[in-house]
Amino acid sequence: MTAVDEPQSYSGTRKGEPDKTIEEVWAQPTGLRWWSSVSHRVVGKRFIYTGFAFFIIAGFLALLVRTQLIVPGNTFLDNETYNQVFTMHGTLMMFLFAIPILEGFAVYLIPMMLGARDLIFPRLGQFGYYCYLFGGIIVLSSFLFDAAPDGGWFMYVPLTTNAFTPGVSADFWLIGITFAEIASVTAAVELIVAILCARAPGMSLTKMPIFAWYILITAFMIAIGFPPLIIGSILLEANRLLGLPFFDPTVGGDPLLWQHLFWLFGHPEVYIIFLPAAGMVATILPTFVGKPLFGYGFVVAAVISMGFISFGLWAHHMFTTGLPILSLSLFSAASTMVAVPTGVQIFAFIATLAQGRPRMTTPMLFVMGFLFIFVLGGLTGVMLASVPFNWQAHDSYFVVAHLHYVLIGGMVFPLFAAFYYWAPHITGRMMSERLGKWVFWLMFIGFNATFFLMHVTGLRGMPRRIATYPEGIGWDRLNLLSTLGSYILAAGVALFIFDFIRHLRHGERAGRDPWRAGTMEWLYPTVAIGFNFHAIPPVETREPLWNNPNMLGKNAEDVEGVMRKMHDGRRETIGCDPVSGSPVQIVRLPHPTFTPMFTAFALAVAFAATIASAYFVAIAGIVAGLLGFTIWAWEPSDSGVTRDAGMGYVLPVNMIEKRSHMHIATVGTMLVLYALLGSLIFALLYLWNVYPNFAAQTAQPNLLWTGLSMLAGLVLLILAMINRRVAVADKIGLATVMNLAVILASIACTACLALAIQRTDPWGTALGATMWATLGFVALNLFITLYWALFNAARKVTGRVGAGQSLPDFNLATYAKGTAVMVLITGGLFLAATLGGLS
Amino acid sequence: MSDRDRNSGLLGTVFAILSGVIVSLAVGVWALGTPGNDPVGAAAVTAGTFMEGKFRWLRAEPENVPQDWVEISKTVRGGDPQRGATLIAQYGCGSCHVVPGVARAHGTVGPDLSGFRDRAYIGGVLSNEPGDLVDWLMNPTTHAPDTAMPDLGVTETDARHMASYLYTLRGS
Amino acid sequence: MGSTLDQFGSQTTFADAGIGAARTVWLTNSMSIISLVILAFVMLVALFAWRSTGGGRVWWIIGGGIVFPLITLSVLTVASATTLRSITGEAQPEAPVIEITAYQYWWDVVHHSEGRSLRDANEIVLPLNMAVTLQLKSNDVIHSFWVPSVSGKMDMIPGRINELTITATKEGRFRGQCAEFCGLSHPLMAFEVLVLPVEEYAAYLESLDEDARDAVTPQQRRGKEVFLTSGCTACHAVNGVSENGRLGPDLSRVGARASLGAGMWRMNRGNLAGWIADVGDMKPGAQMPSYNDLSGPDLRAVAAWLESLK
């Protein structure tokens, strides 16, 4: 290739603002337009601050719980309020604090650690944040309507069905949390792609900072782990709104189906919360030891195996539901196995400590606190994997103690270490070391006083989730001390908040790389510039700041790297090969926009209107949301040109290839969609297996239409393949025709599938309802394929697609292929039902 | 950091850990103890009484203060308020009455007994005096045949304890 | 024998009142001690690592993170599997069957004996040293059956029958409680287990088959009349008086139970009267309405009659 200095002329692409400097192009919007910012730094901080606000609210609720339990028979809260308080405490902590705040840190740090100017899909980040914010507001607003959810954070059916929880409190939970989960899943896909596709030149997977590995695995786990709960919530909400009997044993449903779906999510969730925090520990620890992480390979292997193991343990939350002894023993053995990768990480951390002379700073104190608390929590976790012990300890205060040891030890303590560690990066000032030590000791002593005794309380027979307990049977003093401990813990958090506010004004100014860290987020003096790098330096080692004397040896803006020259006045960063990290493309990034916020708001209106049973408003919201997505995607394509990135790299902009970030995102989305489909198929097979006699009462799918639907699926698959070849070959007219063919095939698939089960009554049996739910999900994907094809065709017809700009069709083809396979799978299941059992 | 500093740091750590363990053990022993068996609490009470005596001596009020006749009029002979509270819980008074200081006593069938000491009448029929109260607790139906309050078979000793507890309930 | 209320340690897992509990205690104790030892060990290694500058070793990770856990976990898996077998292996085909159905927020108990179904509620009488099969069901939401001193817990799930075999090995009273969050009055859903020698157990079963004790005093007779005319019989059954009510607890021997309101209050006339007059306050969310329209004397009469049913 030859270097191209002058921008090539091509049609359609937004020209940008070539006369502006890089600072001007990347400038943060001010005033009201501040809300339109798409920068990962802004969005990440918003996630962190909002998450912390939820932590405070949920912590306050925890204090109410502890205050209620300070003496037996207390009347401080009545039963109803107490149930609402503990439900909201768990819900806020798990869904609106732990995951979002960790994702916030990932969003904030990953691009800087990996050498990117922004996260790879900045608008998706903004969209995710607003989904999270609006979802959180929906859940919290239930307090205003005196309809706070009171079914527990686990929402077990049938307690949460209409019969036992009339009103809208459960709907607030289901709809608000599902909405906030969309944020988590979008952020997960975004982080996967950001880590795989936008790293500094030369940063292969094995050269990535360990934090990126942790986040990568976590993001995959979110993408696969959240769908079961999303499906579960949708089924339960469909049960509440439409009366579909998924969980009703009188027509072949099963309350345990909810538990399976919930814990299929719930168990990985624990590791999803723990892993990013462990990643923070693995980042902070080497800094203060002054030596790299010991056993990097072991840790990566441990994290990956933890990701896999975590999906095989869900049933250990259900040991008391009457599972057969054989599955009890298998799940018990499997559950203990997770101790191995955990042990590897813990000993890698300890071995790192031995590398040098650690500095005792506040972040280090919290890391050591993590070590103590988390190890004990892990050990009690192993105890709980023993079935006979579990039968005694399950749903007792022993489990409360265990889960707080794991979650507070494994997540909150590393998080506070991270607050102290990265505060100078975010605010430019150091937090107080002296107050920090007080914060630590208050939290550490308060935590152990609160929760250590709960092990005993639980083994003395106190069940969880009880608002009052009788006096004199051995729980009084333990509870009194636990409550006092919780006040000490709260005092520690309060002192932290005071210190944080104080340091904003009075904190000592942080210099460049104040902790002498080795990772690249510290390359620039704090607070760093908004676009992270003037030039993105090549990276050969895991601690570039320690190993490359050029990095800290000169002014940050003078460090050599790629992308120094800005050709078109557009925001852009380098895109790399997912494995080797060598640059393969230039990624154009969007400028600030309100579109994602508008879209999120429209969807929030739709969700909130569903709670209020205002279905016309809900439909209007969905239409507006679709409109938002359309406007979002309607922009001119950036593909079709090559630019000189410096250092000898001449690279295509937004290349059309399998390694394109857009294509990898499409594949990542398919991963989520297949996890959703997999959850539905799990439900189908489960119900079929548990109640074969009800399966026999379900009308079997029509053989002819089932066969035709599979044929239509096959056609869709072939059409998608052709569409891709035609598009890549730049035959615009033919590609338009193929788009239309894909549309027709999608319609045919939907119609055939629906006709195949037209005789199945969704209200008749749970299996029938689940078949319709599966059909609904596949139909939704077919609709998206259809809409996308229509969109692509419309763009071509209106002449907005030039030569070499077939990326949308390239991605559509992948999506359509995935959908076609879904149709084939569903058709195959219907066929199996026809041939093999349903009468 | 010199070796000396490191060693003193280690010594400090060990000391801190040891004292932490000792405190935790003391707290743990107390927490695990049965309610009657309370060495820590008993020691605190002894110390409290001792200190109270000292403070009284310090304040040294004059000997011949006027007698508090109201106080005397509400004293139940042979009544132990603490024992009374336990009995109130045992007889189940709390299922009908609110009785401050008794766990789970928040019934709404009968009158709220908060501030009972300052009530004028008992059950709307007897004047609120120790003798009458003890009598009422033993046999409410003889004084008010139409009352919903059952005769609970309270003995006189028990009634005295319960009455003395009720007279500790002052109005705001 | 008094109620288990305010009886210290009546609901603890550190007990040997049943085979399940007794065989789990040693597992609890040994695992707790080993856990604390491992914690101390890891902390010591960390302290050593903190002071050392010699660098970590790969064998730390392999030894501490892989080999040691694998050995310990294998031992644990074998130990807990053996214990599990020894607990559940007690099932005998001829064991007496007790069917327990959970309602929001009380327990229906049916003893199946010699072809008879003998009904009681909220108090589960067990024979000493005899394996008993509990058939656990639920009428509404998920509950969980737990008597810590006797045995581990088992959930009660609508649409399923979970079987739990327990053997009580100690005479006396033990407290149990619903262990799965089941709604508004979940904390107020307890019960008492009374373990009797086999002969007394047989006598107890016979007593369930007999008619309830007759009303003797005028007040008791008035109470029975009020019971029959105020609609109580729609939900409650009393042997020989009215046997059709099935929605609420069987009251044939309510006065003989040590506690009232599913193990929550001491059984006496005062609590009975308070319960009848204002159940909504004592147990929020319970299905029973508050009978605050009874006259004072009628209320006392019903309470007196119920108390006499022993």
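Predicted model: local features only at pLDDT ≥ 70, side-chain atom pairs only at ≥ 80, totals over all residues.
Trainee: How much area do chain C and chain A bury between them, and what share of it is on carbon and sulfur atoms?

Mentor: The size of an interface is often given as the accessible area lost when the parts come together. Here, buried area is the accessible area (1.4 Å probe) that two parts lose on being put together, summed over both. Chain C and chain A bury about 6700 Å², with 73% of it on carbon and sulfur atoms. On the side of chain C, the residues that lose the most area to chain A are W50(C), I61(C) and F181(C), together 12% of what that side buries.

Trainee: How many residues of chain C are in contact with chain A?

Mentor: Contact means heavy atoms within 4.5 Å. By that rule, 80 residues of chain C are in contact with 88 residues of chain A.

Trainee: How many salt bridges and polar contacts are there between chain C and chain A?

Mentor: A salt bridge is a side-chain nitrogen of Lys or Arg within 4 Å of a carboxyl oxygen of Asp or Glu. The count between chain C and chain A is two. E180(C) forms a salt bridge with R465(A), where the closest N and O atoms are 3.9 Å apart. A polar contact is a pair of N or O atoms within 3.5 Å; within protein, one must be able to donate a hydrogen and the other to accept it, and residues adjacent in sequence count only if both atoms are side-chain atoms. Between chain C and chain A, 15 residue pairs are in polar contact, both residues being at pLDDT 80 or more.

Trainee: Which elements of chain C give two or more residues to the side that touches chain A?

Mentor: Helices (H or I, at least four residues) and strands (E, at least two) are DSSP runs, numbered from the N terminus. The elements in question are α1 (19-51), α2 (58-88), β7 (151-156) and β9 (172-177) of chain C. Of these, α2(C) gives the most, with 17 residues. For classes, Ala, Val, Leu, Ile, Met, Phe, Trp, Tyr, Cys and Pro count as nonpolar, Asp, Glu, Lys and Arg as charged, and the others, Gly among them, as polar. This side of chain C has 41 nonpolar, 31 polar and eight charged residues.

Trainee: What does the interface of chain A and chain B involve?

Mentor: There, 12 residues of chain A are in contact with 14 residues of chain B. The two chains bury about 1200 Å² between them, 60% of it on carbon and sulfur atoms. In chain A, R357(A), R477(A) and L481(A) lose the most area to chain B, together 47% of what that side buries. Helix α15 (residues 476-506) of chain A provides the largest share of the side that touches chain B, four residues.

Trainee: Is N271(C) buried or exposed?

Mentor: Buried means under 20% relative accessible area, exposed over 50%, partly exposed in between (1.4 Å probe, protein chains only). N271(C), found in helix α5 (residues 269-277) of chain C, is buried, with a relative accessible area of 1%. Its side chain is joined to that of S95(B) by a polar contact of 2.8 Å. Beyond its neighbours within four places in sequence, N271(C) is in contact with residues including Y91(B), G92(B) and W265(C).

Trainee: Why is chain C described as more spread out than a compact globule?

Mentor: The radius of gyration is taken over C-alpha atoms, and the globule rule is 2.2 Å times the number of residues to the power 0.38. Chain C has seven helices and 12 strands. Its radius of gyration is 25 Å, well over the 19 Å that the rule gives for 310 residues, so chain C is more spread out than a compact globule. The C-alpha trace of chain C spans about 90 × 40 × 35 Å along its principal axes. Of its 310 residues, 60% count as buried.

Terms used: Residues numbered from 1 in each chain as written. Chains lettered and ligands numbered in written order. Heavy atoms only, no water.
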